[in-house]
Amino acid sequence: GVPATTAEHPSVDHRACGHGKIILLGEHAVVYGSHAVAAPVPLAVRAVAQDTKSGGVDMFIPRWGVEYRLHRDPAHRDSFQRSLGIIFDELQLTDRSMRIEVFPNVPRAMGLGGSAAMAVAVIRALDQHYKLNLSDEEINALAFRCEEVAHGSASGIDNTVATYGKPLLYKRAGKKGEAPMVQELHLPKRIPLVIGISGKESLTAVTVGKVRTAWQRNPALYDGIFQQIDALTLQGVEAMQQYDLERLGDLMNICHGLLNALRVSSWEVEELVQIAREHGALGAKLTGGGGGGSIVALCPQNREKVAAAIRDAGYQAMEVDIG
Ligand code: MEV
């Protein structure tokens, strides 16, 4: 059964958290070397580590009804255990006796970076509890290894935002082992958005895999789409820096059209995008892996109207400012 520990631990340290994120421009293409822009959202996963006498690593995620003992042998782990298990193996903590409790305030499988935020939160909880003195770079690198297991061919953008919690322009490394290009974005003013959450769970590993299959069948065609996404993302950075929201909105709409061409949209995502545009959003697009998940809408004027219309249609809406 699930232990009766749903109340937040009183000594949760704010540092033991991983940030959720939105991708404003460039998802999927970023896996193939294009630029992408991402920003943290005010949702985070937190984790706490405690010593026990249980003789193993016990993981509890009360909100999800998840409770398991980490298998010492990686070959016996399921996909969820395999991803987080890397952390314990790498930090040589697999044989310790502990309890990790996780408070996932980022909705699961909604394109908001929940898996990366969870990896970072668990690493930071262990770092604090065992006084490992890990740097943010080390935390980020370890979270990336978890993401590679979770996503297949992760670009590394989710774990980077989960670790640093800053808006950034990102481009993955050309070769394995090289560092990605990460540039913090300084905006003149915060950008007002609505996040629409479809409620349809979708695994990024699945949509990333679908895009890969399509790309393998016709690499020239798909590379062309990725290049267009790359170009509009760089234009979007300029628009953000000049606070030209009309232009940014246009670019978001075009980006959504190209993501639709990659077939990572869904019925619910299309409805959310239409609702946002009809109620005055300057731009609206899916965010993250797609296939369900969430959208972002740029709403400098009609933010409450857009959020209300999304809720009226039966979806969740969150108003956030990035920058
Ligand atoms: C997921 O948030 C973003 C994707 O581009 C995958 C990745 O970059 O690893 C879809």
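Below is a short chat about a sheet and a ligand site in this predicted model.

Me: Before we start, what are the ground rules here?
Reply: It's a predicted model, where local features need pLDDT of at least 70, side-chain atom pairs count only at pLDDT 80 or more, and totals for chains, interfaces and linings use all residues. Residues are numbered from 1 along each chain as its sequence is written, and side-chain values use heavy atoms, with hydrogens and water left out.

Me: OK, the open sheet: what's the strand order?
Reply: The 4 strands run 9-10-8-11, with antiparallel pairing. Strands are DSSP runs of E, at least two residues, numbered from the N terminus, and two of them pair if DSSP finds at least two bridges between them.

Me: Which strands stand at the edges?
Reply: Strand 9 (283-287) and strand 11 (316-322) do; each has a single partner strand, so one side of each is left without a neighbour in the sheet.

Me: And how many bridges between strand 8 and strand 11?
Reply: Strand 8 (residues 191-197) pairs with strand 11 over 7 bridges, in the antiparallel sense. There, G196 stands opposite A317 in strand 11.

Me: Switching to the ligand: which residues come nearest?
Reply: K21, H28, A154, S155 and D158, out of 15 residues around the ligand (near means a heavy atom within 4 Å).

Me: What does the side chain of S155 do with the ligand?
Reply: One of its N or O atoms is 2.6 Å from a ligand oxygen; a polar contact is a pair of N or O atoms within 3.5 Å. For the side chain of K21, the distance to a ligand oxygen is 2.9 Å.

Me: And H28, backbone or side chain?
Reply: Backbone: an N or O atom there lies 2.9 Å from an oxygen of the ligand.

Terms used. A polar contact is a pair of N or O atoms within 3.5 Å; within protein, one must be able to donate a hydrogen and the other to accept it, and residues adjacent in sequence count only if both atoms are side-chain atoms.
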